[in-house]
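Please keep the sequence and the model in view while reading.

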Amino acid sequence: MRNQFYLILIAVLLSPPLYAQNKVRFIKHIITKDFISEGVAVGDVNHDGKLDIIAGTCWFEAPNWTRHEIALTPVLKPGTEYSNSFLDYSIDVNLDGWVDQVVVGYPGTPAYWYENPKGKSGYWQKHNIMDKVGVGNESPNFVDVDGDGRVDILCADINAKQIVWLSAPTKKGDTTWARYPISAINAPATDRYSHGLGLGDINKDGRKDVIVKEGWWEAPVDRKQPNWVFHPANFGEDCSEMYVMDVDGDGLNDVISASAHKYGIWWYQQGKDEQGNTTWTKHEIDKSFSETHGVALVDINNDGHPDIVTGKRWFAHNDTDTGSHESAVLYWFEFTPGKAPYFIAHQIDNDSGVGLHVVVQDMNKDKLNDIVISNKKGVFYFENTR
């Protein structure tokens, strides 16, 4: 009995403290160092039960990340060239049971999708989503606008100067996308190179609104209705993806954004003045690195609260941006509700950064959210571990 007690005591003394056991750590997996895409997606391409990585015109087969081409894949020069794959998403477009790839290319060009060949060899068939829609704004969102369970494309249509959403097909075999305007013609944030776009419930009416840096459109009951009501607001300078959450716990939803090409990550506190008008007060989260052109808001440490994941989009405009030659860092900012500061910075890596968006998903079914990115440094998978 005494020996058993001493064995238990030794085990306790040798064990790391609880905070160390629960500390988030990441293992970096370099999928490729080639610059092939600034968009990335994950999905089970080959029906083997494992999540593969899709980046531009390549997919990398789990678990060894064997490279396969979706189409002819040029290796690009980070300092002088841009990718034609700015943002990627995996979705079964034609509902045939196989995951396809949706690609938003260079700003202002039509989006397209590659059809999964269902295990057959050869390149994937390419389809334009909507020829007449030039997808503008540099942070299109892959989000479910109407709540039907299918992810849509929220973007600017530079040809009509409107904020629109493109609804994915909902019937098996159908490949026709539908276009629904949100804004009036010549609306804010509708240029080819506009920055800042998001979807979230600003007024807590249970419907997700559309946010740009100039204000927000209030979602009607029927999301297919045109001309949503616009509420002007000042959400600062050019930013990337925008998110809505109640940061300070006062019952009013706030807005989180980050600078696309300069320094700064912020949250804008919603309040009311003496007349009952809505006010927005800017609070800085971090300004230690620039070019935060891709942002995710997902729970990293499994505490039930969403955290910020972002980093540097290295050489976003080649080498002309502020701080472009600084380290390509990747961070997560731990949200601490009810405490100041509300976000605690944790550096994950200093030689990867982000692309135009960040994928945060449980890649290996261990109930921990992992991070997948693709950019001018290459393609990377950061495995969340304890």
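Rings of Phe, Tyr and Trp (its six-membered ring) are taken to pair if their centres lie within 6.5 Å; planes under 30 degrees apart make the pair stacked, over 60 edge-to-face, and the rest tilted. The model is a predicted one, in which local features need pLDDT of at least 70 and side-chain atom pairs count only at pLDDT 80 or more, while totals for chains, interfaces and linings use all residues. Residues are numbered from 1 along each chain as its sequence is written, and side-chain values use heavy atoms, with hydrogens and water left out.

By the ring criterion there are 17 aromatic pairs. Among them, Trp65 and Tyr381 are edge-to-face, 5.6 Å from centre to centre with 70° between the planes. This pair links distant parts of the chain, 316 residues apart: Trp65 lies in the loop between β4 (58–61) and β5 (66–69), and Tyr381 in strand β28 (residues 378–385). Strands here are DSSP runs (E, at least two residues), numbered from the N terminus. Trp65 is buried at a relative accessible area of 16%, and Tyr381 is buried at 5%; buried means under 20% relative accessible area, exposed over 50%, and partly exposed in between (1.4 Å probe, protein chains only). Separately, Tyr82, Phe86, Tyr106 and Tyr193 form one aromatic cluster.

Attention now turns to the sheet. Eight strands form an open sheet of mixed pairing, in the order β17-β16-β15-β14-β18-β19-β20-β21; two strands pair if DSSP finds at least two bridges between them. At the edges are β17 (229–232) and β21 (278–290), each of which pairs on one side only. Within the sheet, β18 (residues 241–245) and β19 (residues 254–258) are antiparallel over three bridges, and Val244 has Val255 in β19 as its bridge partner.

Strand β18 also contributes to the largest pocket, as do β2 (41–43), β6 (87–91), β10 (135–143), β14 (197–200), β22 (295–298) and β26 (359–361), each supplying at least two lining residues. A pocket is an open set of points on a 1 Å grid over the protein atoms alone, where a 1.4 Å probe fits and protein lies on both sides within 12 Å along at least five of seven lines; lining residues have an atom within 4 Å of a point. Of the 29 residues that line the largest pocket, the closest to its centre are Tyr89, Phe142, Val143, Tyr243 and Val358.

Terms used:
Helices (H or I, at least four residues) and strands (E, at least two) are DSSP runs, numbered from the N terminus.
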